[in-house]
Amino acid sequence: TAGDVAVPVDTKRGRVPTNPERSWEPERVQLMAQGLQLREHGYRTDHGILYFAGSKTRVEVPFAPELEARTLRLLDEARAAATATLLPDPLEDSPKCNGCSLSGICLPDETLALRQVPPVPEADGHAAVRRLYPAREDALPLYVQEQGAKVGKRGEVLVVSKGEEELGRAKLKDVSQLVLLGNVSVSAQTIQLLCEASIPVVHLSRGHWFYGVTQGITLRNAYDRAAQFRAASDPSRTLPFARAIVAAKGANQRTLLLRNASPRADTEVAEMATLLRKVEHLPDLGALLGIEGAIAAKYFSRFAAMLRPRDFDAEWDFRSRNRRPPRDPVNALLSFGYAMLAKECTVALLSEGLDPWWGLFHQPRHGRPALALDLMEEFRPVVVDSAVLTAINTGMVSTGDFVRSKAACVLNERGRKAFIRAYEARLDQLVTHPLFDYRCSWRSVIRLQARLLARWLRGDVPAYVGMTTR
Ligand code: SF4
């Protein structure tokens, strides 16, 4: 500055661009914005300087009326975007998205692909969708199931101990969620650390009932929750959503049977196809519940045909689905797996700012994560049932891994550990996304579907499309 004259100087790391202006527009606009601020504070300024450190060069930028008008227009647009309840449209096929830190949240290509009707162009087979987020997540859940154990912290490391004995430790950056099974306590300092790091603590009872989540204060995305509640009371939105998830769940159940029990289950597979064709035409949620039950009955009537336990034992006999409490080993595995999936979906919805307890297909009921139950429908067969088949058919779990009483059958500690391994391995497995044609883990697909559900609730995409496997 000299008196009331000021010249803003902005330093850039790179070299001078070789275009005629010797600078890029965003750089000139930033400089002009600084000039406008200086003017607001009483200075006179008619140009600024861009200093490119890479080539040790100064470039003078005149504050011409056109640059000033362009900057003011962009400022208005930025203010409007900051107060808007809808996300701005993503860029189309832009190279900028490749290095953008928001790409995993923004999902530019997926959002644009879902705006096409039908979502996948039939002419070329697939939308050209880039996967702009990692195929697998680096951080994983930390399970603690030792009864009487305590979780504490040392710096940024979680330490699990029982009495004087240390049972294990994990760096905070490697943990996506802390899952406590039964009587496990967590110190107040550790809860604070986890809340601050946005790592949820998930609580399951000893009987494997998923009953709660502890998490930091998340006040983001209030508009998404408002959109969720509006959609939940609007039949023109609940019905297509329910059709999508019933169809996806049924299709995935049918695919699993087809892959693992053909030709023995061919009759049921054909009957399921007939029922699935009706889903699109059903008039209300009650009718959809009915057909969902009918498809599930066909599926579970042949579930046993997919079981090939190494330790052949009458205990593996599976007749039908029973629960609360499960009464045989296969049902015990299914129930535990569904509880784990419910917590996975609850955490995914919470991180999107949605309310897991307010469903669109499953009706809200005290203590029931209804939206998580909605989201998990399409994943039940392909994540949990598939993990149960692997655990039994490869001998990871044996009939000695259960505790039985007259009324119930639950996994013991060894069985739980073995099944958690099978379940986590399944979540980590890569799958080709049928709409976007890229590979990512099942865990990522659950996150993706939760994010796309939020998009649909907000009105960014015209439909929620369930995830189906081929
Ligand atoms: S990923 Fe989204 S926010 Fe990032 S550059 Fe692309 S469109 Fe913009």
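Buried means under 20% relative accessible area, exposed over 50%, and partly exposed in between, with a 1.4 Å probe and protein chains only. Keep that scale handy for this predicted model, where local features need pLDDT of at least 70, side-chain atom pairs count only at pLDDT 80 or more, and totals for chains, interfaces and linings use all residues. Residues are numbered from 1 along each chain as its sequence is written, and side-chain values use heavy atoms, leaving out hydrogens and water.

**First stop: Glu68 and Arg39.** Select Glu68, which is partly exposed at 25% relative accessibility. Arg39 sits in helix α1 (residues 25-40) and Glu68 in helix α2 (residues 65-83), so the pair ties together parts 29 residues apart in sequence. Helices here are DSSP runs of H or I with at least four residues, strands are E runs of at least two, and both are numbered from the N terminus.

**Next: Arg414 and Asp401.** Here the closest N and O atoms of the salt bridge are 2.7 Å apart. Arg414 belongs to helix α13 (residues 413-428), while Asp401 lies in the loop between α12 (379-393) and β12 (402-404). Which one is buried? Asp401 is, at 3% relative accessible area, whereas Arg414 is partly exposed at 47%.

**Then: a network.** Select Asp224, Arg455, Arg458 and Asp460 together: salt bridges with shared partners join them into one network.

Technical notes. Salt bridge = Lys/Arg side-chain N within 4 Å of Asp/Glu carboxyl O.
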